[in-house]
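Colleague: I have a new model open and would like to learn how to read it. Could you walk me through it?

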Amino acid sequence: MTTDNEVVLEARGIIKTFGNHAALKGVDISFRRGEVHALLGENGAGKSTLIKIVTGAYIPDGGTIHLEGQPVSFATPQQAQSLGIGTVYQEVNLLPNMTVSDNLFIGRQPTSAGIVNRKATDEMAREVLSRYGLDIDVRAELSTYSVAVQQIVAIARAVELSGKVLILDEPTASLDRHEVDKLFQIIRTLKARGLAIVFITHFLDQVFELSDRVTVLRNGSLIGSERIDALNRTSLVRMMLGKDLVQHHHTPVEGQAEGGETLMTVRQLGLTGKVQPIDLEIRKGEVVGVAGLLGSGRTEMARLMFGIDIADSGGLHIDGRERVVRSAREAVDLGFGFCPEDRKADGIFGDLSVRENIVIAMQARLGWFKALNRDEQMEIAGNFIEALDIRTASADLPVKLLSGGNQQKVILARWLATDPRFLILDEPTRGIDVGAHAEIVRMISRLREDGLALVVISSELDEIVSYSSRVVVMRDRTLVAELEGADITPSKIVQSIAGQAGEPVAEVTA
Amino acid sequence: MRRLSLSDIAKPQLLALAFILVLNWMVFPGFFNVTWQDGRLFGSLIDVINRGAPVAILAIGMTAIIATRGVDLSVGAVMAVAGAVAATSAVAGQPLIVTLAGALLVGLACGLWNGSLVAFLGIQPFVATLVLMVAGRGVAQLITEGSIVTFSDPALIFVGTGSVLGLPMPAVIALILMIAAHLVMRRTAIGLFVEAIGTNLSAANYTGLRARTVILGLYAFGGCCAALAGVIAAADIRGADANNAGLWLELDAILAVVIGGTSLLGGRFSIPMSVLGAVIIQAMNTGILVSGLPPEFNLIVKASVIILILVMQSDRVAEVVSRRFGRMTTRGK
């Protein structure tokens, strides 16, 4: 770790404006060879815009970019890529229905007489991936592998194509702890090879674990760019938020589970191959936290409760009746709401306005003919924009222009507008900045106090512990433990997740 | 807060229509002449809205289908089927009401068929409606028994050639249908549901929208519109021609919708703008006809104008223009 690594990519005075909104107000940043550079900021701080500019996806309205001392301007991402800047986005954008080796070498396969030499391609793919410690069948379709493997393939492809700067946009968002460790190993290897690595994340632990340098953006301005050893957690959070944030105070939720009357009982609810039959009681005024690793069946259980998938065993006992929810429509009629894990794919209507996104579930419940007119829509949307502090220039802005945290609030508002009695939140704080994170956690507690029944799925144990009245732990598509009262601690949850299987689960740093 | 785009300055479709009309006037000075004769209006302009009506009616039904990322390729064939049903019914001496109801019911059935394939079997709309596009003409030929069925029922003929308040009947029907469809879309929640489904079908399902029912309904409505257009086309020539009625009109209808600004990728839509698209297409056709140019030019000119309109609608062009425009204003300050 030398202090004066050579600068590879430097951007100066970058300005970008969307309409009247200044996304970047003259930001300077430089990335150095052999350094992991963490880029931090709340949602809407301008991280994505900055990345899109240095990778050629956006053209800046002002400022200069220098690559190895030479001024450059990228018209397209391909151009940036060919000059050495590779990017791996949060949503892996490879071709899931093609083979691993196709994905690595598409467009530049070795050919003989114009015909792709498959054997040579596969051989090269195997060799490339072995450098990443990955020994997989490169002729299998990419989609047959886990997101973690796909991510490594994406990184390998980006490094092969570019090789000077590697930009990782929230690479750990959908990985579990083991996979994160593996990814970090790979990043360290690449760093040793002299790549400049840019790392965007929301996890402060990971910043301290991996980075050499940190740059913080807030509201489109550069707040600071520091070597990591010059910082501690508090100073970093202060830079990000511009205020001191109360950090991780464990207040175990005790005794609040009492008095909640049963809303419904889940009885032997299951779907062959997805979720083993589950029993669970849901009470009013209670948050049931659901913990478990990715693929443990957490989301699948939620989908069964909400009728996205139809259970083939058991059902719900609600309102004195036994029933199986066969569609989201039925779930909504029962007064259920569901904020799905993948906001972009299953949650927001990107091109529709914030107003329409908020009223849509309520309107769906009202039916086709009791249409809310524009004024009524405005009033409802306005109320929720205010109550949930949704930051948008106007209720008529397309929701896709909002930051992730605000989009999540819009989806929450959509369900709250239907006056639900049961809400399922699947990873409600994933990919959301620290500030919005705290707000959503507060909101969950407030809804519980208002008497709602909630099921909240989350990978963040501190978070689950802070708001859950009960915690159920899932492993291998089945419910393995139910923790109450004083048992709700991160270490107990980790123990349950690890279970008899004895998997070495890394202690979660708090 | 919105990005400045051309469509904020003026609807490109209106500019295009004005441009075409002026061009028509230049090649044919009498283009704007409208005369009153025998209780009805005559002139090239009237001809445009009269001849454009069938495509406009198809476009009315097609708009919301396209807004859900669908398409209905069968409307031309459904026109032929409905025309055949109407003609045989008229020949059999049925009153107009029975003839109309029969044709519309057949259109509804065709639409429900398409809609079921798309909504419930999950077949891609392009393929699902291709089935009826091919089979429909066969059905129409079976109904007409291979010949052109001509009729002389004055009530049915009035639907295609009559006039109300001096305006040609087909145009009046298209206008009323446009207003009714627009009001149904915007005064009920259906328009919002359609846009939600077209924007993100998965999210629509998670929200508890009855997406399948909405999609089924849209194809059913599209079938009815096609049947109505088919009756008008048959009434206009006083006969049902299973081979040629509505031939290729599905393409004009799709074009009208796209010119009207509804994206083939689904989402926002406007029925009146689609009708404007149909009028633009017909204005071009009529213009070439009255100008004395060989009709072969029609297709080439049409293609050029369409490219022009699509370029004007393109987001990318709007971005470039607004960037230029934005820079000029900042420099000016």
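**Reading the model**

Modeller: Gladly! Of the 510 residues of chain A, 47% count as buried, where buried means 20 or more other C-beta atoms within 10 Å of the residue's own, exposed means 12 or fewer, and partly exposed is in between, with C-beta atoms placed from the backbone. This is a predicted model, in which local features need pLDDT of at least 70 and side-chain atom pairs count only at pLDDT 80 or more, while totals for chains, interfaces and linings use all residues. Residues are numbered from 1 along each chain as its sequence is written, and chains are lettered from A and ligands numbered from 1 in the order in which they are written.

Colleague: How many helices and strands does chain A have?

Modeller: Chain A has 17 helices and 22 strands. Helices (H or I, at least four residues) and strands (E, at least two) are DSSP runs, numbered from the N terminus. The domain assignment divides chain A into domain 1 (7–241), domain 2 (248–335 + 421–510) and domain 3 (346–419); such bounds come from an automatic or database domain assignment. Taken over C-alpha atoms, the centres of domain 1 and domain 2 of chain A are separated by 33 Å.

Colleague: Next, helices. Which residues of helix H7 of chain B are buried?

Modeller: The general idea first: an α-helix has 3.6 residues a turn, so residues three or four places apart point the same way. In H7(B), residues 154–161, the buried ones are B:Leu156, B:Val159 and B:Gly160. These three cover an arc of only 90° around the axis, which puts them on the same side of H7(B); the arc is that of the directions from the helix axis to the C-beta atoms. They pack against helices H4 (75–91), H5 (96–119), H8 (169–187) and H11 (211–237) of chain B.

Colleague: And what about the largest nonpolar core: how many residues has it?

Modeller: A nonpolar core is a set of buried Ala, Val, Leu, Ile, Met, Phe, Trp, Tyr and Cys residues joined through C-beta atoms within 7 Å. The largest here has 191 residues, and those with the most contacts inside it include A:Leu454, B:Leu58 and B:Val231. H11(B) gives the largest share of this core, 19 residues. Domain 2 and domain 3 of chain A both give residues to this core, so it lies between them. Another core, of 64 residues, lies apart from it, and A:Ile65 and A:Phe199 are among its residues.

Colleague: How do the two chains meet?

Modeller: Two residues are in contact if their C-beta atoms, placed from the backbone, lie within 7 Å. The contact takes 22 residues from chain B and 29 residues from chain A. On the chain B side, the largest share, five residues, comes from helix H9. That side divides into eight nonpolar, eight polar and six charged residues. Here Ala, Val, Leu, Ile, Met, Phe, Trp, Tyr, Cys and Pro count as nonpolar, Asp, Glu, Lys and Arg as charged, and the others, Gly among them, as polar.

Colleague: Lastly, how should I read backbone angles?

Modeller: Most residues other than glycine have a negative phi, and most peptide bonds are trans. A:Asp419, although not a glycine, has a positive phi of about 55°. A:Asp419 sits in the loop between helix H14 (404–416) and strand S19 (422–426) of chain A, and counts as exposed, with 11 C-beta neighbours inside 10 Å.
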